Amino acid sequence: MKMFNIPNLITASNMLCGVFAIILAFAGRIDIAPYFIFLAAILDFFDGFAARLLKQQGELGKQLDSLADMISFGLAPGIIMFVLILLEQNDINRLFEDTVSLNLSVGVHLSGLVNFQLENKLPFLALIIPFFSLFRLAKFNIDTRQSESFIGLPTPANTIFFMAFPLLLSRYGGTTGWEHDLIMWLIQPIVLIPIIVIMSLLLVSELPLFALKFKHFKWKGNATRYIFLISCGILISTLLIWSIPIIVLLYLLLSFIQHILRKNRTHEIQS
């Protein structure tokens, strides 16, 4: 019964949130599914916190965490993006008018898939997300360089980035203005699929990324973290949902700048 401790149960709840998100996506409710992903991300944070607090850290918890992350931050975002690409323009409009019709529309598309009659093969490219997430999570478990920072984009950050698309669509898809025009442009397969490919490749890249782990709270040594957190506060308060993908891109940008500065500093010392 030791395996069913509080941290492991929190990890299992993370996995179940991913499962619920997948079920909702296949039901056509891509407007609700992202909220279960965000809940999974919160649980993913607290399982490690609880394990350290209760001194119940162990190899089993580490393996469970990776398995849960594969569902919530690998498979689930891939399925949600699959359904988003699967839906046609008329289907998207139903998202704001009649969820029952949208559900039936998704069912029609999926029945074509089951009968090997799906004409549009582009949605399958969304499965690049779980494909690379699998390798990312396995690599993280054996990479000793990632104890205090990350090498490659973490799967939760990648997933949160993509969850902004259905949320923005449900918020602005039925309106008019630049927000509507921008999100409708972003979800076009010709735009969305290259974004999926690039972000998925970043999962297994060798790009060093900072982690939000504070050994102390002084500015020196934590400048990048403080700049990031302050920027997040400003972005969230001003841009709301639009801040989600921007924050992930800012995280990548600040990490890249930090990497370049450290590389130049090391080169100067060696010279």
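In which loop does Leu240 lie? Leu240 lies in the loop between α10 (223-239) and α11 (243-270), where helices are DSSP runs of H or I with at least four residues, strands are runs of E with at least two, and both are numbered from the N terminus.

The structure is a predicted model, in which local features need pLDDT of at least 70 and side-chain atom pairs count only at pLDDT 80 or more, while totals for chains, interfaces and linings use all residues. Residues are numbered from 1 along each chain as its sequence is written, and side-chain values use heavy atoms, with hydrogens and water left out.

## Overall architecture

The protein contains 11 helices and 2 strands, and along the sequence these elements follow the pattern α-α-α-α-α-α-β-α-α-α-β-α-α. Of its 271 residues, 46% are buried, a term that here stands for under 20% relative accessible area, with exposed meaning over 50% and partly exposed in between (1.4 Å probe, protein chains only).

Helix α3 covers residues 59-86, and its 28 residues should span 40 Å at 1.5 Å a residue, which agrees with the 39 Å that separates its end C-alpha atoms; the expected span is 1.5 Å times one less than the number of residues. Ile71 has its C-alpha atom 6.0 Å from that of Met15, although the two residues are 56 apart along the chain. Met15 belongs to helix α1 and counts as partly exposed, at 28% relative accessibility.

Leu240 has a phi near 55 degrees, a positive value in a residue other than glycine, and is exposed, with a relative accessible area of 55%. Lys55 likewise has a phi near 55 degrees and is a residue other than glycine. Lys55 is placed in the loop between α2 (33-53) and α3, and its relative accessible area of 75% makes it exposed.

## The largest pocket

The largest pocket holds about 2,000 Å³ of space. Among the 49 residues of its lining, Asp44, Phe45, Phe150, Pro156 and Lys213 are the closest to its centre. A pocket is defined on a 1 Å grid over the protein atoms alone, as an open set of points where a 1.4 Å probe fits, with protein on both sides within 12 Å along at least five of seven lines, and lining residues have an atom within 4 Å of a point. Grid points are joined across faces, edges and corners, and the volume is the space filled by probe spheres set on the points.

At least two lining residues come from each of α1 (6-26), α2, α3, α6 (128-142), α7 (155-172), α10 and α11, and α2 gives the most, with 10 residues. By residue class, the lining divides into 26 nonpolar, 14 polar and 9 charged residues, where Ala, Val, Leu, Ile, Met, Phe, Trp, Tyr, Cys and Pro count as nonpolar, Asp, Glu, Lys and Arg as charged, and the others, Gly among them, as polar.

## Salt bridges

Side chains of opposite charge can pair when their charged atoms come close. The whole structure has 4 salt bridges, each being a side-chain nitrogen of Lys or Arg within 4 Å of a carboxyl oxygen of Asp or Glu. Three of them are set out below.

| Salt bridge | N to O distance |
|---|---|
| Arg29 and Asp31 | 2.8 Å |
| Lys139 and Glu206 | 2.8 Å |
| Glu206 and Arg145 | 3.0 Å |

In the pair of Arg29 and Asp31, Arg29 counts as partly exposed at 22% relative accessibility, whereas Asp31 counts as buried at 14%.

Lys139 and Glu206 form a salt bridge. This pair links distant parts of the chain, with Lys139 in helix α6 and Glu206 in the loop between α9 (189-203) and β2 (208-209), 67 residues apart. Lys139 counts as buried at 19% relative accessibility, while Glu206 counts as partly exposed at 48%.

Glu206 also meets Arg145 in a salt bridge. Here too distant parts of the chain are linked, since Arg145 lies in the loop between α6 and β1 (150-151), 61 residues from Glu206. Arg145 counts as partly exposed, at 44% relative accessibility. Lys139, Arg145 and Glu206, together with Asp143, are linked in a network of salt bridges.
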